[in-house]
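Welcome! Let us walk through this structure together, beginning with the overall fold and then moving to a few of its parts.

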Amino acid sequence: MNKELLLEKYHSKFADTSLAKGVYAAPGRVNLIGEHTDYNDGFVMPMAIEKNIRMVMQLRNDKKVKAYSLDYDKLIEFNIDNLLYDKENIWVNYIKGIIDELQKLGNKLQGFNLLFSGNIPQGSGLSSSAALEVVTAMAITDLHNIKLEAVELALLAQRAENNFVNVQCGIMDQYISRLGKKDNALLIDCRSNQYQLVPFANEDYQIVICNSKVERGLVDSEYNKRRKECNQAVDFFAKKLDKNITALRDLDLDTLHEYKEELSDTVYKRAHHVISENQRVLAAKKALEKNDMNKFGKLFYESHQSLSDDYEVSCQELDLLVKLASEEKGVKGARMTGAGFGGCTVNLVKKEFVDTFVENIKQAYYENTGIDTDVYITNPAAGARKLEK
Ligand code: ADP
Ligand code: MG
């Protein structure tokens with residue numbers, strides 16, 4: 001929704017308070033490569049997408065917050081000093097979480113009205129939740145003149161999701177939503193929280209996202225299992241090796257291989273995925289720097305294979321989408337993206353073949369599964385920002 005229309009909607013819901021007002025946007029993201037590496041102190045490389053959440057916010061003279069979600073057509077009112085978890089309107093908890101974390105830092109906030117709308121598919125692994133947190137944090141801090149460095153804002157948004165919404169996410173989603181830059185991917189080191197923009201402005205290629213539309217049902221229990229299995233590998237090597245091992249990040253494939261017989265098949269495979277995936281992220285960064293799209297795409301396929309065979313977090317539909325993509329002209333790489341068991345695939349497609357790719361994959365996926373896939377074509381987009389006049 002464009003800024004003018006959003007303001008119009010705002011004014012039809014709320015009287016102008018004549019206090020500071022602004023319009024802000026924060027994008028969703030797709031993880032290009034680096035899956036299940038974040039909680040192993042490893043590397044990830046997402047990019048922001050051309051889908052976002054936009055929010056109008058205006059300060060009030062009292063302590064009330066009136067939050068209107070256009071997409072849910074729902075107005076929620078609460079007092080800024082009385083933040084309670086809302087079991088029915090989950091979306092408002094992301095906003096309350098941001099307020100809570102800002103207050104924990106000692107900021108004295110006044111009330112405000114807000115209205116927002118987004119076009120990031122929710123719950124599909126494109127991180128609509130981080131976009132909502134980041135856009136809210138940016139709006140509140142800007143209107144209150146609170147100076148918060150970009151990284152600090154991203155970390156605050158992560159804490160809001162961890163503490164108030166109660167979802168134990170890593171830093172990737174909030175980082176990329178805040179720090180993303182047009183024509184760039186973002187390499188993040190999940191151990192040090194350091195990051196680096198990686199130029200990705202190849203005019204001949206586009207990123208195409210295919211939504212399997214499969215609900216990520218198993219994801220929570222399986223996610224916890226994978227974390228445990230990774231920890232088992234770390235514990236094993238911490239005892240075996242004369243070296244400080246605190247995460248799979250500290251291991252290489254040769255060492256893993258050396259001890260293969262002493263590890264269970266499952267633990268070996270999980271560790272193999274994480275260690276090799278970290279290498280692929282760093283190789284992908286190099287490939288982007290050299291503008292080597294063949295290599296970049298090949299790493300997508302390898303990542304998918306590893307997620308499917310070693311980490312076992314793919315599903316039939318994701319495997320099918322990747323296989324169908326690999327049979328299409330102009331496709332350099334395809335892989336599942338996000339935690340798995342559903343959600344989306346990310347595809348690197350030569351621009352001139354994008355239209356046929358979309359048409360063919362929609363048709364073939366439907367014929368095989370009876371599901372209509374949604375497809376999103378995007379370039380690396382800008383991170384959160386204020387929309388100026
Ligand atoms: P993901 O971040 O992968 O999209 P999550 O389950 O983490 O999935 O976050 C989705 C939640 O974020 C939604 O259930 C909703 O509460 C909130 N949300 C995202 N986009 C919007 C929107 N446009 N309007 C209202 N709430 C939204
Ligand atoms: Mg999320």
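Of the contacts in the protein chain with a separation of 6 or more, what share is accounted for by residues 24 or more positions apart? In this predicted model, such residues account for 72% of those contacts. The protein chain holds 11 helices and 12 strands. Its C-alpha trace spans about 70 × 50 × 40 Å along the principal axes. A compact globule of 389 residues would have a radius of gyration near 21 Å, and the protein chain agrees with that, because its own value is 22 Å. Buried residues make up 45% of the chain.

An unreviewed UniProt entry places the feature "domain: Galactokinase N-terminal" at residues 9–57. Over that stretch, the chain is 57% strand and 10% helix, and the end C-alpha atoms lie 12 Å apart.

Next, find helix 2, which runs over residues 90–104. Its 15 residues should span 21 Å at 1.5 Å a residue, and the helix agrees with this because its end C-alpha atoms are 21 Å apart. Helix 2 is mostly covered, with 11 of its 15 residues buried. Among them are Trp91, Tyr94, Ile98 and Leu102, and also Lys96 and Glu101. What covers these buried residues? The cover includes strand 3 (64–69) and strand 4 (74–79), along with helix 3 and helix 4. After helix 2 comes glycine 106, which has a positive phi near 95°.

The buried residues of helix 4 include Leu153, Leu156, Glu161 and Phe164. Those buried residues pack against helix 2, helix 3 (128–143) and helix 5 (172–179). Just after helix 4, asparagine 166 takes a positive phi of about 70°.

Now turn to the loop between strand 5 (112–118) and helix 3, where glycine 123 lies. Glycine 125 lies in the loop between strand 5 and helix 3 as well. Is glycine 123 buried or exposed? Glycine 123 is exposed, because 11 other C-beta atoms lie within 10 Å, and a residue with 12 or fewer counts as exposed. Glycine 125 counts as buried because it has 27 C-beta neighbours inside 10 Å, where 20 or more are needed. Leaving aside neighbours within four places in sequence, glycine 125 is in contact with Thr337, Gly338, Ala339, Gly343 and Cys344. The unreviewed UniProt entry includes both glycines in a "binding site" feature, together with Ser69, Ser124, Leu126, Ser127, Ser128 and Ser129.

Finally, look at ligand 1. How many residues surround ligand 1? There are 18, and the closest are Ile90, Trp91, Gly118, Ser128 and Ser129. Helix 2, strand 5 and helix 3 are the elements that give two or more residues to this shell. Helix 3 contributes the largest share, 3 residues. By class, the shell around ligand 1 has 10 polar, 7 nonpolar and 1 charged residues.

Key:
Residues numbered from 1 in each chain as written. Chains lettered and ligands numbered in written order. Predicted model: local features only at pLDDT ≥ 70, side-chain atom pairs only at ≥ 80, totals over all residues. Helix = DSSP H or I, 4+ residues; strand = E, 2+ residues; numbered from the N terminus. Rg over C-alpha atoms; globule rule 2.2 N^0.38 Å. Contact = placed C-beta atoms within 7 Å. UniProt positions renumbered as here; feature names shortened; annotations may be inferred. Near = placed C-beta within 6 Å. Nonpolar A, V, L, I, M, F, W, Y, C, P; charged D, E, K, R; others polar. Expected span 1.5 Å × (residues − 1).
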